[in-house]
Amino acid sequence: MLIRTLGSRIKSKSFVLRRLSIKNRLLAAFVITSLLPVVIVSVYSNMKYQASVTNKISAYSMQILDELSQNATRELEQYETLSENIIINPSIQDGLRRFDTMTDYEKNQLKVRIGNEMGQQIFQLGNISNVMILNSSSETFFDLGFELYPSASIQAMLEQTSHSIGNAYWTYLRSSRGTNTIALSRIIYSEDALNKQLGYVIIFIDEKVFSRNIYKFVNLGTGSSIYITDASGMVISSLSEDIPKGSRFAPDEIHAVIDRQFHREGRLATFHANVDKHEYLVGSAYIRSANWFFVGMIPQKFIVSELSEMQRNLVFICLLIVLLSGMISMWIYFTIHSPMRSLLMYAKQIRMGRLVAKAEARSKYPDEMDMLTETIDGMVEQLKRLIAQVQTEQQAKRDAELKMLQAQINPHFLFNTLNSLKWSAMLGGNESVTSGIESLSELLRSTIMVKDEFIPLRTEIENLRHYANIQRIRYGDSFVLHTDVDEELSETLVPKFILQPIVENSILHGVGDDEKRVGITVKATCRNHVLAIRITDDGKGFDMSAVKPKQASRSKLSGLGIANVHERIRLHFGANFGLATTSTVGEGTETVITIPIYRSEGEGEHHV
């Protein structure tokens, strides 16, 4: 049902294509059917390839970020180990407990001793820019003195250290000279009383050296960026100037997604983000020791850059397909156009009536054009036969009319003669002769002077009565004629002189040797727009099986026999109409004339 509905809709909309020429339709069909699959496959392949490349780059970037996070964790753990060694150093523990009671000289001596004891461990890690030890009042106890830092930043870091997990707080600090550093701060507790706070230790790491050691030479792709952010989204380390350190970078586009993945979904995965109107593939990895995140940004244009050459090749292939499709469609069009043009010229010649012309589109190839040409040739042959048949029928009609004309004599001479005989009979007092001559005169006037082939049934009945009067002069009262025609049928047109031959046949052949008076009845009826005229007599009848076809009699007054009447009716109205005669010996004869009803002579031609 769905296919049928779809087919009907397509068929109803096909008129739009009919506005285009066959050449344009073929060209469009070939281009669409050849180019559309290529475009669909190309788009699908491009999408699948892009998705495959994205997945591979995602897995590759996540693996690299995981390795970087492990390297960073190991690096940071070294500084945490150093900070633990500083915390448990006996000199530092003792010095912080006695800091308030020590003289300046003792403090200086202590600093020198601490430097000698911890120097090797501190300078073994080459990217440390400074180490500071503060007492519980945040006063400086020990300072390598390589960099100075704003006291407000130091105080804020110490406050965060008190709330840190594991007594280790990592953050970003900028020195007074603008050096970017990564700072680790821890609380120094007394070895004797673990709940007693003696002071703080702060280790400053050069961010530039740290990034160089960890990820500077790692490349995720052209235009990619790698940076480190803390749990709040602040950038701790970065190699790109577009990602400033010490501030939050793309907090909604990147950090919010990473935070949701880490805390809600429990897993980190790549995702796409729009930053500064550019699309990036973003991946991240967790640095456990510092509660940081490694973030990698790969431009989407880099991911699809490998598709550019393939897309250019696809465009070239599409153009080549369009060219080849156009050439093939034009070639096929010419194979259709040439026989179609010949067939069109052939049809024009047929329309102009040149039926002798032959089609030039016939070929040895049995395609639709050849079949169509063969069909038209058959139609032309059938048309020729029909024209010949019509010409034959027209010739037969003209022959019948000619026979009627041959039966006529000079009207003026005949009427003058009849009038003279009529007046002689009247002067002689012979009324029967007078009546007969008058009827003959009227009958001949109707048949000779009236040129119409079709006359009203009323007039035909009157002519029949005149004929009966004439025959009574010869046969006396051996027959009697009765007519029964409804008034509404009296104006129906019938071919002229179709009743006289039948009634004449009843008079000549119906009277027997017993001198029985023959009754002849003419009755007209109508059924289904067909006029039926029944001529019956109660004469001696004849054996239908003994009747042999005979030529129409030409010895009668009209010059036309019963067979001629039948042929005239068939010529005018077709094979479905005419005469039908039945007879029984000793009972009589009945003849039925059937013709269509019409009241103007032009209507009769439609029945042929």
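Student: What makes Glu491 and Arg458 a salt bridge?

Tutor: The closest N and O atoms of Glu491 and Arg458 are 3.2 Å apart. A salt bridge needs a side-chain nitrogen of Lys or Arg within 4 Å of a carboxyl oxygen of Asp or Glu, so this pair qualifies. Glu491 lies in the loop between strand S12 (479–484) and strand S13 (493–495), while Arg458 belongs to helix H13 (residues 457–475), and the pair links these distant parts of the chain, 33 residues apart. Helices (H or I, at least four residues) and strands (E, at least two) are DSSP runs, numbered from the N terminus.

Bear in mind that this is a predicted model, where local features need pLDDT of at least 70, side-chain atom pairs count only at pLDDT 80 or more, and totals for chains, interfaces and linings use all residues. Residues are numbered from 1 along each chain as its sequence is written, and side-chain values use heavy atoms, with hydrogens and water left out.

Student: Why is Glu491 called partly exposed?

Tutor: Its relative accessible area is 38%. Buried means under 20%, exposed over 50%, and partly exposed in between (1.4 Å probe, protein chains only). Glu491 therefore falls in the middle class.

Student: How many salt bridges does the structure hold?

Tutor: There are eight. One of them joins the side chains of Arg186 and Glu84, at 3.6 Å from N to O. Arg186 sits in strand S4 (residues 180–189) and Glu84 in helix H2 (residues 22–88), so the contact ties together parts that are 102 residues apart in sequence.

Student: Is Arg186 buried or exposed, and how do you know?

Tutor: Arg186 has 8% relative accessibility, which makes it buried. Glu84, at 39%, counts as partly exposed.

Student: What separates Glu381 and Lys384 along helix H10?

Tutor: They are three residues apart in H10 (residues 368–406), and therefore separated by about one helical turn.

Student: Which residues make up the patch of negative charge on the surface?

Tutor: Glu241, Asp242, Asp252, Glu253 and Asp276 gather there. Asp and Glu count as negative, Lys and Arg as positive, while His and the chain ends are not counted. The place of a charge is taken as NZ of Lys, CZ of Arg, CG of Asp or CD of Glu. Patch members have over 30% relative accessible area and no salt bridge; like charges are joined within 9 Å, and nonpolar side chains (Val, Leu, Ile, Met, Phe, Trp, Tyr) within 5 Å.

Student: Why is Asp276 called exposed?

Tutor: Its relative accessibility is 63%, so Asp276 counts as exposed. Asp276 lies in the loop between strand S8 (271–275) and strand S9 (278–287).

Student: Which residues make the nonpolar surface patch?

Tutor: Phe316, Ile317, Leu320, Leu323, Leu324, Met327, Ile328 and Trp331 make a patch of about 840 Å². Accessible areas come from the Shrake-Rupley method with a 1.4 Å probe; for residues, only the protein chains shown count as cover. Leu320 lies in helix H9 (residues 305–351), and its 39% relative accessible area makes this residue partly exposed.

Student: Which residues does the "transmembrane region" annotation cover?

Tutor: According to the unreviewed UniProt entry, the annotation covers residues 314–336. UniProt positions follow the numbering used here, feature names are shortened, and annotations may be inferred rather than shown by experiment. In the model, that span is 100% helix and 0% strand, and its end C-alpha atoms lie 32 Å apart.

Student: What is the place of Val38, and is Val38 buried or exposed?

Tutor: Val38 lies in helix H2 and is buried, at 19% relative accessibility. Val38 and Ile321 are 283 residues apart in sequence, yet their C-alpha atoms are 8.9 Å apart in space.

Student: What is phi of Asn528?

Tutor: Phi of Asn528 is near 55°, a positive value in a residue other than glycine. His529 has a positive phi too, about 60°, and is not a glycine either. Asn528 is placed in the loop between strand S14 (518–527) and strand S15 (530–537), and His529 is found in the loop between S14 and S15. Asn528 counts as exposed at 66%, and so does His529 at 65%.
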